[in-house]
Amino acid sequence: MKKIKYSMLAFLGLVMVFTSCNDSGKKSSGALASNNAEKVYVAPGEQDEFYAFMSGGYSGNLTVYGLPSGRMFKEIPVFSQFPTSGYGYSEETKPMLNTSFGFVPWDDSHHPDISQTNGELDGRWIFINGNNTPRIARISLTTFETEEIIEVPNSAGNHSSSFITENTEYVVAGTRFSVPVPQRDMPINEYKGNFKGALSFISVDPEDGRMDLKFQIMMPGFNYDLSHPGRGKSHGWFFFTTYNTEEANSLLEVNASQNDKDFIAAINWKKIEEYVNNGGGTIMPANYAHNVYRDENHTATSTMKKEVLTVDPTKVPGAVYFLPTPKSPHGCDVDPTGNYIIGNGKLSADLTVHSFDKMLAAIEGKKFDGEAYGIPILKFEDVLAGTVKSGGLGPLHTEFDGEGNAYTTFFISSEVVMWKLGTWEVIDRKPTYYSVGHLMIPGGNSRKPFGKYVVAMNKITKDRYLPTGPELEHSAQLYDISGDKMELIYDFPTHGEPHYAAGIPAELIAPKSQKIYKLAENEHPYAVTTPDGAKVVREGKEVHVYMSMIRSHFTPDNIEGIKVGDKVYFHITNHEQDFDVPHGFAMIGANNSELLIMPGQTKSLVWEPKQEGVWPFYCTDFCSALHQEMQGYVRVSPANSNIDLSWSLGE
Amino acid sequence: MKKASVLMIIGPLLLLGLYFFPLWNIMLGAPQYPDPLGMNIHITGIKGVSEFDLQNIDGLNHYIGMKVIPKPEDMWEFTVFPYVIGGMVLLGVIIGLLGYMNKVSYKWFLGWFVLMSILGVLGMYDFNAWLLDYGSNLDPHAIIKVVNPDGTPMTYKPPLLGYQKMLNFDVTSLPHVGAYMMFVGMMLTVVAFFVGKKEAGKIKNT
């Protein structure tokens with residue numbers, strides 16, 4: 001008994017020792033934490049050093065954050081209806097979500113990429129892909145609004161997208177799921193040899209950014225997972241990882257994991273561009289939407305395109321090669337010099353790095369290891385630059401700091417590994433919380449990275465924040481990489497599921513961020529540019545209300561003569577010309593959304609009154625001291641009433 | 001008297017700056033306006049410092065019942081002032097030229113300065129009277145009516161010169177480039193007077 005007592009005391013003593021050890025440990029991490037707090041602390045009134053544009057994943061949108069603070073500034077509606085602003089609900093923006101499948105109000109947005117000039121970020125536009133119903137969007141970095149969406153035909157699971165070439169010549173969209181081209185009714189198990197994988201090259205007008213699907217390369221029916229452009233010496237090439245080179249059509253988790261090596265497809269797009277410019281390629285019928293929003297009339301139009309130029313890669317000798325790459329590679333990343341192409345073999349522990357120089361030499365020396373569907377396969381050993389023996393598991397994506405280091409995420413071992421280009425030695429590794437997917441260094445996918453921070457975008461959040469029931473926001477983590485080693489300095493939640501992000505120094509875009517739209521330049525056909533232009537016009541059962549708004553009233557704010565069964569269009573122009581004075585518009589019982597209207601802008605909302613009565617509308621954005629007074633009434637009379645239309649303000 | 005006359009010609013010419021630069025500037029900053037709103041008062045009219053400042057000042061002022069900022073055609077001053085300034089420049093240059101040709105004495109230089117000063121004071125008086133009317137002749141149906149501690153209605157006359165806190169706004173009123181050029185020009189005519197006097201003394205002594 002005594003013995004037990006003693007041993008218990010000894011145990012307590014041990015516990016105490018451990019506890020005090022822990023205490024001292026905490027203290028030192030506390031000192032470290034305060035040092036880290038300074039690194040991420042952006043004092044009230046101060047601004048962040050970088051913008052980070054994070055894809056929304058299943059939110060379909062793009063969110064804007066500041067680094068290092070992790071503060072979220074804006075959610076930019078792209079592929080999803082957004083009742084906050086009326087995007088996709090207003091008459092002006094409904095055409096943005098038009099597709100060959102009709103109106104598609106949602107998508108899964110994945111890989112934002114900022115426009116470049118000479119391989120460096122130029123901050124004009126940001127592109128992002130819709131994965132589910134294949135689309136590419138272009139967003140202005142002066143208005144931070146979606147300006148254009150183009151649908152990608154012959155594609156499905158638009159995943160190896162939307163990466164741009166180093167002068168923004170093209171935004172590239174590759175299909176993850178191969179499909180019959182053209183689509184037709186056929187047995188699924190006849191996939192092998194019959195399905196195609198379309199890689200689309202969408203040209204970008206250097207002046208206004210307008211997109212045009214220039215050509216599609218009809219590749220074998222593999223899954224094209226991710227891609228990145230060549231840069232510098234490899235400018236003119238594009239690299240795509242593939243998996244499911246087995247061409248399985250069921251239980252892919254097993255059946256597509258049988259080949260020891262899949263491929264990185266190297267595409268000499270300059271050669272194919274030259275080929276199509278000289279009349280090469282086959283025009284095939286297609287049906288895809290091209291939606292363009294103009295600031296001048298605050299309105300989008302949707303046009304259906306009816307044909308697409310396709311290219312059979314075997315018809316253009318020397319344009320396409322396969323680089324064998326182990327273990328179903330996921331991310332396909334090109335270092336700032338353009339020489340190293342990294343295949344992140346997601347089922348392996350190692351990273352495969354190919355050399356562009358060696359690839360050219362192998363092509364020159366015709367060192368082929370057979371072919372697949374007529375496309376030459378280069379010998380693995382002849383293109384391999386090196387292997388990073390990481391010690392981690394499940395590499396997904398790699399970014400670069402511009403100082404010869406690369407940073408790779410490991411999903412399974414949940415860590416970021418820092419390694420050296422050329423020597424392939426691992427320099428540092430830091431855990432992520434938990435299961436990191438993408439990572440981002442501002443400019444990390446360009447010739448000139450700004451290697452100060454790495455942002456890791458984690459797939460699993462668990463206990464990092466206060467719990468919010470079963471559904472949690474995803475979690476990003478910020479690492480300081482300005483020293484020799486990485487240092488985890490901050491966690492912040494992110495909206496939706498960011499698959500990749502693009503960062504840029506604030507000074508490249510903040511100064512040209514637009515403040516207002518000029519009312520004098522408003523070309524909207526239903527705009528009222530002076531309050532005395534306000535009116536209500538009946539055209540049969542349609543009623544058009546030409547309304548203006550300014551602090552703190554609508555003109556008109558009393559409308560009579562509307563009848564049950566009418567279709568009422570409120571066309572509302574915000575007459576403010578002052579920065580950050582939007583007004584909202586909400587109508588009781590509207591079956592769509594509110595409108596949030598920026599200074600100088602016109603937006604239109606449809607309201608179909610179903611009940612007689614006097615129904616109020618009001619401003620939803622606390623605009624002024626008299627915001628609560630910013631309201632009005634619509635009198636709705638029976639369908640057969642003969643009350644004339646009338647409208648007024650202040651009578 | 002050549003040196004003095006040259007100064008007498010240059011001085012009034014500097015008043016031409018009033019056609020190109022604002023005479024006065026009033027800036028209005030507030031917590032919600034980290035970039036302050038501002039108006040530049042030219043002899044030909046009032047302009048916003050930034051494109052939409054006047055519209056935005058009017059928009060704010062309507063709450064407290066102030067009239068909108070006058071357009072050039074709403075105030076006779078903006079029609080007359082350019083002629084008055086033009087006339088004074090012409091008169092000054094003529095006096096200078098006549099002085100150069102020894103047709104008039106240096107005392108005319110001071111005469112011009114005194115006349116200009118009187119006109120200037122009248123102009124300031126007029127400007128102040130407008131500010132007073134603008135800031136205190138308020139719409140009786142104003143949305144926001146603020147009273148002073150003594151119960152009298154608060155008025156919003158911007159300061160003629162210097163700083164004043166008005167409700168949530170910090171108002172600063174200062175001369176602008178046109179005014180500084182005018183002051184320097186006028187001072188040059190005073191210098192011209194003294195130089196002329198000195199030169200005249202020398203001639204007498206020799």
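Reader: In which loop of chain A is A:Pro182 placed?

Author: This is a predicted model. A cis peptide bond, with omega about -5°, joins A:Val181 and A:Pro182. The proline is in the loop between strand E11 (170-174) and strand E12 (196-204) of chain A.

Reader: A cis peptide bond also joins A:Arg551 and A:Ser552. Where is A:Ser552 found?

Author: For this bond omega is about -5°. A:Ser552 is found in chain A, in the loop between E36 and strand E37 (553-555).

Reader: Is A:Tyr373 buried or exposed?

Author: A:Tyr373 is in the loop between strand E23 (368-372) and strand E24 (375-378) of chain A. Its phi is near 50°, a positive value in a residue other than glycine. A:Tyr373 has 12 C-beta neighbours inside 10 Å, so it counts as exposed.

Reader: Phi of A:Asp580 is near 65°. Is A:Asp580 buried or exposed?

Author: That phi is a positive value in a residue other than glycine. A:Asp580 lies in the loop between strand E39 (567-574) and strand E40 (583-587) of chain A. With 11 other C-beta atoms within 10 Å, A:Asp580 is exposed.

Reader: Which residue of E3(B) does B:Met39 stand opposite?

Author: Strand E2 (residues 33-42) and strand E3 (residues 45-48) of chain B pair in the antiparallel sense over 4 bridges. They form a hairpin with 2 residues between them. Within this pair, B:Met39 stands opposite B:Gly48.

Reader: Which strand of chain A do the buried residues of H2(B) pack against?

Author: Helix H2 (residues 53-61) of chain B has 7 of its 9 residues buried, so it is largely enclosed by the rest of the structure. Among the buried ones are B:Leu54, B:Ile57 and B:Leu60. They pack against strand E1 (24-30), E2 and E3 of chain B, together with a strand of chain A, E36 (542-550).

Reader: How many charged residues has the side of chain B that touches chain A?

Author: In this interface, 6 residues of chain B are in contact with 6 residues of chain A. The chain B side has 3 nonpolar and 3 polar residues. The count of charged residues there is none.

Reader: How much of the span of residues 108-125 of chain B is helix?

Author: An unreviewed UniProt entry places the feature "transmembrane region" at residues including 7-27 and 108-125 of chain B. The end C-alpha atoms of residues 7-27 lie 34 Å apart, and that span is 38% helix and 19% strand. For residues 108-125 the end C-alpha atoms lie 25 Å apart, with 0% strand. The helix content of residues 108-125 is 100%.

Reader: What is the mean pLDDT of chain B?

Author: The model scores ipTM 0.86 and pTM 0.91. In chain B, 99% of the residues reach 70 or more. The mean pLDDT of chain B is 93.

Definitions and conventions. Residues numbered from 1 in each chain as written. Chains lettered and ligands numbered in written order. Predicted model: local features only at pLDDT ≥ 70, side-chain atom pairs only at ≥ 80, totals over all residues. Pairing = 2+ DSSP bridges. Contact = placed C-beta atoms within 7 Å. Nonpolar A, V, L, I, M, F, W, Y, C, P; charged D, E, K, R; others polar. UniProt positions renumbered as here; feature names shortened; annotations may be inferred. Buried ≥ 20, exposed ≤ 12 C-beta atoms within 10 Å, placed from the backbone. pLDDT = per-residue confidence, 0-100.
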